Amino acid sequence: MNWEPRAAQLAAAVTHPASRWRPAITAVPRHLFTPRWWTWAAPGPGLWHDQWELRDGPADPAAWLVAAYADRSLVTQVGPLHADHATPADRPTGRPTSSATLPGLLVQMYRHAVITDSTDVLDIGTGSGYGTALLCNRLADRQVTSIDIDEYLAKTAAERLDGIGLHPHVTACDATGPLPGAYDRIVSTVAVRPVPASWLTALRPGGRLVTTITGTCLIVTADKTPDGGATGRTEWDRAGFMHTRTGPGYPTAALEQFTAIRDTRGDQITTGRYPVVNVNEAWELYSTLGITAPGIQHHYEEDEDGKRTAWMTHPDGSWARATAIGDQAPVIHQAGPRRLWTLLDDTRRDWLKDGSLPAYGAKVTITPDGTITLKRGRWKAVIPAST
C-alpha cells in the first residue's frame, strides 16, 4: 500500500513545518494500528445508546487509507468487543472503550508535555499503539513506557509496534495503581478524577504530567513540586478522552435512567430562561458543570421540525428535561433532590454576566494524595482525593 504520501499529508495538516513531531507522523504507518474499526451509526427513535458498524481495512484498502490518515479518532473497541474480534453482523451498542486518538490531539498533548530529547515518558492509555509509535519515533524506544488496563490492547499494540521495528516497554497495568518505573513526563490519553497519587510518586523531581479531568474537556498541565505534589494550570485549549475503567466496559445505569425519564412528568414544571442547548457540544458549560456538579450525564435530540430536547440525569436520582421549538423559551421538567436545569441556567447566567467561565485558564494545585484545587480570580473548586 502506498501509505507514505498520506502520512506526509497528515503530518502537514497537524504540525508546523519546524515541528519535531512532523517527521514522526510522516514515518508511522497508522493504518497498521487500525486494521479494523467501528463507525458510529445513528440510534433509532427512542434509543439512547450509540450503535456501531464494523469497517475492515484490508477488505477496502482505499477506504482504509482515507480513514487511517485523516485527523480523526478511530474507535477500535466498544464495550468488551474489539473490532479485531468482530464479524460484519455484529452491532455493538454503548460507549467506546478504546480508540486510535486523532493525531492532531496527540501532538497537542505532547506539546503541552514539553518533551525533550532526553525525556523518559510514560504513555498512559496505549490503545491502538499509534501514539506510542509517535513517541518512539521522537525518542528512543528505551525512553518510552506505555500502559493500558486491557491486556489484549497492550499485547496487540506491542506486536504491531514490533512489526515496524519499535520496541518500547508496553504492559497491562491499572493506571490508578502502582506504576512500573519513574518518569520525566506522564502523558495520559485517558481522563482521571482525581489525579492518582501513584502518578506523583512516579514523576521525577521537576517532571511534568499532562492529563484531562473526567467529566470535563479540561487539559491539566502540572510540574512536580518539592513537597511531592504538582502545580500548573488548565490550558485554554481542550480535549476529550475516555475515563479510566477497571473492567471491560462502563456502567449502564445512566442509560437506564435516561430511558425511565424520557417522557416522564417532572415534580416541577417551569419555563426556562434560555434556549435549549446541547451541553455536550458547549465546551465551557460542559467543563464547568463537570467540576461544580460532577456526575451529570447529558443527551440531546433535534427533530426535522426543529424541536429540540435536552435531558440531564445524575446518579443521585435528579433529572431534567427541556423542550422547545428552535430558540423559544423551553418547557422544563425537573425532579429529584437537585434541580439540574436550574444549575445549568445559573451557570449560563454567570457566563453571560462575566463573558467567560472560570474553569479554563485556572491555576491548578495537586497535593501528593492527588487532590486537585482549581482557582481563577474569586472562583475556587476542589476535587478531593476520595472522588
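In this predicted model, the axes of helix α4 (residues 103–113) and helix α5 (residues 130–138) approach within 11 Å and cross at roughly 50°. That angle lies between the ranges that count as roughly parallel (under 35 degrees) and roughly perpendicular (65 to 115), and α4 and α5 are therefore oblique to each other. The points below describe this helix pair and then the protein as a whole.

**The α4 and α5 pair**

- Two packed helices are described by the angle between their axes and the distance between the axes.
- The crossing in which α4 passes α5 is right-handed.
- On the α4 side, the contact is formed by Pro-103, Leu-106 and Tyr-110.
- On the α5 side, Tyr-130, Gly-131, Thr-132, Leu-134 and Leu-135 take part.
- The residues of this contact comprise 6 nonpolar and 2 polar ones, with no charged residue among them.

**Secondary structure and overall dimensions**

- The protein contains 10 helices and 20 strands.
- Its radius of gyration is 22 Å, close to the 21 Å that the globule rule gives for 387 residues, so the protein is as compact as a globular protein of that length.
- Taken along the principal axes, the box filled by the C-alpha atoms of the protein is roughly 60 × 55 × 40 Å.

**Burial and contacts across the chain**

- Of the 387 residues in the protein, 53% count as buried.
- Among contacts in the protein with a separation of 6 or more, 58% are between residues 24 or more positions apart.

Terms used:
Residues numbered from 1 in each chain as written. Predicted model: local features only at pLDDT ≥ 70, side-chain atom pairs only at ≥ 80, totals over all residues. Heavy atoms only, no water. Axes fitted to C-alpha atoms, helices over the stretch in contact; angles between N-to-C directions. Helix = DSSP H or I, 4+ residues; strand = E, 2+ residues; numbered from the N terminus. Parallel < 35°, antiparallel > 145°, perpendicular 65-115°, else oblique. Left-handed = near helix turned anticlockwise from the far one by under 90°. Contact = heavy atoms within 4.5 Å. Nonpolar A, V, L, I, M, F, W, Y, C, P; charged D, E, K, R; others polar. Rg over C-alpha atoms; globule rule 2.2 N^0.38 Å. Buried < 20%, exposed > 50% of the residue type's maximum accessible area, 1.4 Å probe, protein only.
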